[in-house]
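I opened a new structure today and kept notes as I went. Here is what I looked up, entry by entry.

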Amino acid sequence: MINLELPKKLRASANQAHQVATEIFRPISRKYDLAEHEYPVELDTMAAMVEGLADSGTQKIGGAAGGREDDSESDGHATELLGNSNGGNMSALLNALETSWGDVGLMLSIPYQGLGNAAIAAVATDEQLKRFGKVWASMAITEPSFGSDSAAVTTTAVLDGDEWVLNGEKIFVTAGQRSTHIVVWASVDKSLGRAAIKSFVVPRDAPGLSVARLEHKLGIKASDTAVLLLQDCRIPKDNILGSPEVNVEKGFAGVMQTFDNTRPLVAAMAVGVARAALEELRAILTDAGVEISYDTPPNNQHAAAAEFLRMEADYESAYLLSLRAAWMADNKKPNSLEASMSKAKAGRTGTDVSLKAVELAGAIGYSQRTLLEKWGRDSKILDIFEGTQQIQQLIVARRVLGKTSAELK
């Protein structure tokens, strides 16, 4: 029998994240939506709090806690008897969900909680984890020549003595201007194809790294999205994540492992936005005299109530798929299929729920009297970055049918 009740340790962490979302994020959400590219100074206080929680051993509030976890950090008794662990990935997912319920743009702006941190946690060596344990790392994958086809990376990394020299252009880098480090995907040998793509930790002050511009966006305006230039950018030799050796047989699996950790986190962000929209919509419908019943068939209820029940069911399924993907990661089970399933379902659900909520709320939803229209704009990116809806469906199809990327494109 499946027990979906969250462990006590995770409930406490999620409650902390919800308090942050309620007390810090929601009150300033509209302010930074209207002041694009302005740094949310309120997050400086939060950065100190996050660091204090990390130093004390408490789970992190943002999305960077995912990755490897010492057995002592899991659920002790349950792990001993059943081999069941709810560790860093599950904690990060729940915290990302709660903070995104507050404001997903601000969640992506939390200092020292970037998606690059999850990448470091996923593939770094123990020595690298010690060195990069307290950095703020963004992730730089996409380039002007490609979007979701991560294997098409053209940025190069050439070993020159004790340094790697990187050259290329990266676009749509979340927290690209504010972070202290950037995890950059680059090829060490283009002749070897995707197997030669590695990830490198590039410090903000590395010579040859510059910010070309910041993008103006539809949503998540509190988060800076940058274009980065790497022009003979030099970093230490040991800043390559994982092994520098190119294993043609293993291929692209090494760097792609990052997505198995980060895609459930993005799914959780979409779930958080969807829940926020549902809660706001329910209050609006209730004020309008629309009753939502779980005892009456939807076809016998108000049309808006029936639509609400449909969206709530989609929200629940996205939530459970996300939990499953994070649980598998914590328990060292291959979760590539489940990570893509959760990302596809949650990304689609987030946009559907938030935009339908705007529609059902009428003039109230379309105006700035509530945050519904903002959530509608914010949700779209969650169906795009970390792999678009179409890419996730393609990955799911490959896994289900047992096809390779060459066999099913």
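**Ground rules.** This is a predicted model, where local features need pLDDT of at least 70 and side-chain atom pairs count only at pLDDT 80 or more, while totals for chains, interfaces and linings use all residues. Residues are numbered from 1 along each chain as its sequence is written, and side-chain values use heavy atoms, with hydrogens and water left out.

**The core.** I started with the largest nonpolar core, which has 63 residues. Such a core is a set of buried Ala, Val, Leu, Ile, Met, Phe, Trp, Tyr and Cys residues joined through side-chain atoms within 4.5 Å. I took buried as under 20% relative accessible area, exposed as over 50% and partly exposed as in between (1.4 Å probe, protein chains only). Phe25, Leu94, Met269, Leu372 and Leu382 touch the most other members. Among the helices giving two or more residues are H1 (8-34), H4 (88-107), H7 (253-287) and H9 (336-360). Helices here are DSSP runs (H or I, at least four residues), numbered from the N terminus. H7 gives the largest share, 15 residues.

**Met269.** Which residues does Met269 touch, not counting those up to four places away in sequence? I found Ala96, Ser100, Val104, Met107, Leu108, Leu115 and Leu382; contact means heavy atoms within 4.5 Å.

**H4.** 20 of its 20 residues are buried, so H4 is largely enclosed by the rest of the structure.

**H5.** I found H5 mostly covered too, with nine of its nine residues buried. Leu115 and Asn117 are among them.

**Lys343.** This residue of H9 is buried yet has no salt bridge, meaning a side-chain nitrogen of Lys or Arg within 4 Å of a carboxyl oxygen of Asp or Glu. The nearest side chain of opposite charge, Asp383, is 4.8 Å away; Lys and Arg count as positive, Asp and Glu as negative, with His and the chain ends not counted. Beyond four places in sequence, its contacts include Arg263, Asp383 and Gln392.

**Met341.** Also on my list was Met341 in H9. Met341 counts as partly exposed because its relative accessibility is 26%. Leaving aside neighbours within four places, Met341 is in contact with Leu321 and Val396. Met341 and Gln392 are 51 residues apart in sequence but 6.9 Å apart in space, C-alpha to C-alpha.
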